[in-house]
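Dear colleague,

I am handing over the structure below, together with some notes on what was found in it. Please keep it open while you read, so that you can look up each residue as it comes.

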Amino acid sequence: MCRQQSILQEGFLLYQNDKHHFTRNHNGIINMGTSENKLCYDLLSKRLMQADMLHMDPALLEYPDWKGHSFLREEVASFLTEYCKAPSPLEAENVVVMNGCSSLFSSIAAVTCDPGDAILVPTPFYGAIREDVALYSGVRLVHTHLDCQPGGGDDRPFLLTVEKLEKSMEQAKAEGVRVRAVIFVNPHNPLGEIYSAEEMTAFLEFAKRNELHAIVDEVYMLSVFDESASFQSVLSFDRLPDVQRTHVMWGMSKDFAAAGLRMGVVYSQNQDFVLALAQLAFCHGIPGPSQHQVAQLLRDRDWVSREFLPQNRARMEAAHRYVSGALRGLGIPYLHRSSGFYIWADFRKALSEQSFLAERKLWQCFIRHKVLVSPGEAFSCATPGWFRIIFTDQEERLQLGMQRLRKALEELGRVSGQGAENGDEKAGLQSTADEAEPKRDGHGPLRPPPPSPPALPPHWLMRISSHWTSRPLSPPLAPPWTL
Ligand SMILES: Cc1ncc(COP(=O)(O)O)c(C=O)c1O
């Protein structure tokens, strides 16, 4: 097992053995490391308890079509047609359903590559992919490292360009590595970046030129919480540069806040690819009754569009506002983005030295303070000191988590909260000392913190926490910046 992924696993295991619980284990670990959305259990459980979910057709108890029951694949095709704004109806025969996108990554690597082949991926990236693609066929990853320093006249840190992709392809070829595919995650995990249609088209043209399968992971496509930001699925394109080699992934874990349902799909017009995946789907099925439930959820557009998505977005927005405000209060710069469950934050000034060893020590220090976040090394980030912080959780837990982060930084003597330091200016970061909350333009530079955090939105406490806690709310904890 490679080191990078084991950091995530190590943290997750520590959390599993010592989960925070408000009454049963208050000193347990707060998990701000695993990319889950815990803001909507009330909406989901209410919907999943309705009568139409309790259905037991004999077919649901029989062996299914391995790539998913046709009723579910039809529902997925129809759902993606609508929510991806496809120019013409998507076809059920192009859909393969498996128990999560991780299974899809393993299976797609096995059907597009031979053992020892490689898949190109820009870094930082969602680190579990490394193990997923290695699982069945020993496929490895080749990196396009993105720099946290904006450069070349552009103000976007971690900017992905075709030139950078081409360069890594050339290097791989020079080293005799056969690259068969490239992965694009949009909206991006962990950056929260949304690539425009023009950018995605350029990336797909690059894949075509190099005869690469393009695996486009859009699992966060509906998790864009700022209305002014827009995401465009590649399934909405009138024309794809290489339709036979473009495969789009989506699932229930993120956009439906239901990682436990274990449902991932891939849409591809390449029937050889679909058939090959169907063989592996034999090991990755979802139980029939769960397929029924998922189909019912997807079919209920009224609930999805009028209830679930708007409430989910509002809650995400409030939670993001809270955690980003707390980070500014700590003097920690971060990428201000509008999608995903996470904030990509720059803790470089908290490192004892600029090394991954120091980053690991900081991560361990956070865990000693009972808060789990994910260090940049787990995402193959080229520069030490970056951490991914999940904000999609109950407000009370976020408060406690941010208090614990603050305590850890205080112990190290690394809390400034006074805006950008000289080091930031040298790194080409802009000062926003006069901004109450940085603009979320989706592509802006890294924002150093203004001097004081925004007030905690009072309505949010009621809106989120009371939805699914049956016990009365405890008095709000002191916001972290008043510790
Ligand atoms: C970008 C991305 N793709 C895929 C996955 C895996 O999703 P699933 O729960 O469907 O296996 C994740 C999970 O964090 C993710 O962030």
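Leaving aside residues up to four places away in sequence, Cys101 touches Asp217, Val219, Met249, Gly251 and Gly264. Please bear in mind that this is a predicted model. Cys101 belongs to helix H4, which covers residues 101-112, and Cys101 counts as buried because 27 other C-beta atoms lie within 10 Å, where 20 or more are needed. The C-alpha atom of Cys101 is also 8.3 Å from that of Arg262, although the two residues are 161 apart along the chain.

Seven strands form an open sheet with mixed pairing, in the order S2-S8-S7-S6-S5-S3-S4. Its edge strands, S2 (95-98) and S4 (140-145), each pair on one side only, and the twist from one strand to the next averages 25°. As background, strands of a sheet pair through backbone hydrogen bonds, either parallel or antiparallel.

Strand S6 (residues 213-217) runs parallel to strand S7 (residues 246-251), and four bridges join them; within S7, Val248 is the bridge partner of Val216. S5 and S6 also run parallel, joined by five bridges, and here Val185 has Asp217 in S6 as its bridge partner. S6 is largely enclosed by the rest of the structure, because five of its five residues are buried. Both of its faces are covered, with His213, Ile215 and Asp217 buried on one side and Ala214 and Val216 buried on the other.

Helix H6 (residues 162-174) lies across strands S3 (118-123), S4 and S5 (179-185), and runs at about 135° to S4, whereas helix H9 (residues 271-281) lies across S2, S7 and S8 (264-268), and runs at about 20° to S2.

For the chain as a whole, there are 15 helices and 12 strands, and buried residues make up 49% of its 483 residues. Among the contacts with a separation of 6 or more, 75% are between residues 24 or more positions apart. The largest nonpolar core holds 135 residues, of which Leu80, Ile119, Val323, Ala345 and Ile389 touch the most other members; helix H11 (residues 301-330) supplies the largest share of this core, 10 residues. Not counting residues up to four places away in sequence, Ala345 touches Leu327, Ile332, Tyr334, Trp386, Phe387 and Ile389.

Finally, there are some backbone details to check. Most residues other than glycine have a negative phi, and most peptide bonds are trans. A cis peptide bond, with omega about 0°, joins Thr123 and Pro124, and Pro124 sits in the loop between S3 and helix H5 (129-137). Another cis peptide bond, with omega about 15°, joins Asn189 and Pro190, and Pro190 lies in the loop between S5 and helix H7 (197-209). Lys85, which is not a glycine, has a positive phi of about 55°, and lies in the loop between helix H3 (70-83) and S2. Arg262 is not a glycine either, and its phi is also positive, near 50°; its place is in the loop between helix H8 (252-255) and S8. Lys85 is exposed, with 12 other C-beta atoms within 10 Å, whereas Arg262 counts as buried, with 21 C-beta neighbours inside 10 Å.

With best wishes

Definitions and conventions:
Residues numbered from 1 in each chain as written. Predicted model: local features only at pLDDT ≥ 70, side-chain atom pairs only at ≥ 80, totals over all residues. Core = buried A, V, L, I, M, F, W, Y, C linked by C-beta atoms within 7 Å. Helix = DSSP H or I, 4+ residues; strand = E, 2+ residues; numbered from the N terminus. Contact = placed C-beta atoms within 7 Å. Pairing = 2+ DSSP bridges. Axes fitted to C-alpha atoms, helices over the stretch in contact; angles between N-to-C directions.
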